[in-house]
Amino acid sequence: LPEYAFIGRSNVGKSSLINMLTNRKSLAKTSGRPGKTQLINHFLINKNWHLVDLPGYGYARVSKSSKKTFQKFITQYFSFRQQLVTAFVLVDIRHTPQPIDLEFMQWLGENGIPFSIIFTKADKLKPNAINNHIEAYKNILLETWEEMPNHFITSSSKNTGKEEVLHYIDNLNTNINSSSN
Ligand code: GDP
């Protein structure tokens, strides 16, 4: 089955987003404790695709060696996943573009892994500020890519952006099915 990976900095709102996308209140555990989601979780959605919950990266209070272990782990995941269609890189809309996120997107690009960006916690900013922050990302990303990667704006608190993400995935799944028939 096609697979879609969700990844981002710890505390970006990944668990909340996954709960929103899967209509469950407590499928993926949310917690205020950074770095708590350590292992890969798979969720079967609509019996036709897998949502893959990858561990959060970039939390401050871990040792260098555990950062290395983590990197190796993520690298291995991406190296061996034949079913992976797209990675969704989650970014907190409130922050200006962060080097760690940009480096990760760069790495995905260099390794030929398609990705989209999901801006989270949109309820925390006014529309104007949202546009400014996305524009800032665009300016930086266009130094590397020919176009702004596909992106979504979500709020798990306000339950917005969900249909856009799910439709996008459904469309990709449809294309995969029709090209393999
Ligand atoms: P994870 O560590 O990336 O899985 O992040 P969580 O889903 O556990 O969320 C981290 C914190 O951000 C929690 O306190 C959530 O309640 C909060 N949070 C997550 N999503 C949203 C959102 O869309 N809006 C707001 N206002 N807070 C959110």
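1. The protein has five helices and six strands. Here helices (H or I, at least four residues) and strands (E, at least two) are DSSP runs, numbered from the N terminus. Along the sequence, these elements follow the pattern β-α-β-β-α-β-α-β-α-β-α.

2. This is a predicted model, in which local features need pLDDT of at least 70 and side-chain atom pairs count only at pLDDT 80 or more, while totals for chains, interfaces and linings use all residues. Residues are numbered from 1 along each chain as its sequence is written, and side-chain values use heavy atoms, with hydrogens and water left out.

3. Of the 181 residues in the protein, 41% are buried. Buried means under 20% relative accessible area, exposed means over 50%, and partly exposed lies in between (1.4 Å probe, protein chains only). The accessible surface of the protein is about 10400 Å², and carbon and sulfur atoms account for 48% of that surface. Accessible areas come from the Shrake-Rupley method with a 1.4 Å probe; for residues, only the protein chains shown count as cover.

4. A contact means heavy atoms within 4.5 Å. Among the contacts in the protein with a separation of 6 or more, 71% are between residues 24 or more positions apart.

5. The six strands form an open sheet with mixed pairing, in the order S2-S3-S1-S4-S5-S6. Strand S2 (41–45) and strand S6 (151–153) are at the edges with a single partner strand each, so one side of each has no neighbour in the sheet. From one strand to the next, the twist averages 25°. Two strands are taken to pair if DSSP finds at least two bridges between them.

6. Helix H5 (residues 162–180) packs on this sheet and touches S1, S3, S4, strand S5 (115–120) and S6. The direction of H5 makes about 165° with that of S4. For such angles, axes are lines fitted to C-alpha atoms, for helices over the stretch in contact, and the angles run from 0 to 180 degrees between N-to-C directions.

7. Strand S1 (residues 3–8) runs parallel to S4, and six bridges join the two. Within this pair, Glu3 is opposite Leu84, and Phe6 has Phe88 as its bridge partner. S1 also runs parallel to S3, with four bridges between them. There Tyr4 stands opposite Leu51.

8. How many residues of S1 are buried? Six of its six residues are, and the strand is mostly covered. In a regular strand the side chains alternate between the two faces of the sheet. In S1, Glu3, Ala5 and Ile7 point one way, whereas Tyr4, Phe6 and Gly8 point the other way.

9. Helix H1 (residues 14–21) is mostly covered too, with seven of its eight residues buried. Those residues are Lys14, Ser15, Leu17, Ile18, Asn19, Met20 and Leu21. Their cover includes S1, S2, S3, S4, S5 and H5. Just after H1, Asn23 has a positive phi of about 60°.

10. Asp53 belongs to strand S3 (residues 49–53). Because its relative accessible area is 2%, Asp53 is buried.

11. Is His95 buried or partly exposed? His95 counts as partly exposed because its relative accessibility is 35%. His95 lies in the loop between strand S4 (84–92) and helix H3 (99–110). Leaving out residues up to four places away in sequence, His95 touches His133 and Tyr137. His95 and His133 are 38 residues apart in sequence, and their C-alpha atoms are 7.5 Å apart in space.

12. Around the ligand there are 14 residues, of which Ser15, Ser16, Asp123, Ser156 and Ser157 come nearest. A residue is near a molecule if one of its heavy atoms lies within 4 Å of it. An oxygen atom of the ligand lies 3.2 Å from a backbone N or O atom of Val12. A polar backbone atom of Ser156 is 2.8 Å from an oxygen atom of the ligand. In the side chain of Ser157, an N or O atom is 2.6 Å from a nitrogen atom of the ligand. Taken alone, the ligand exposes 580 Å², and the protein buries 77% of that.

Definitions and conventions: Polar contact = N/O pair within 3.5 Å; in protein donor to acceptor, adjacent residues only side chain to side chain.
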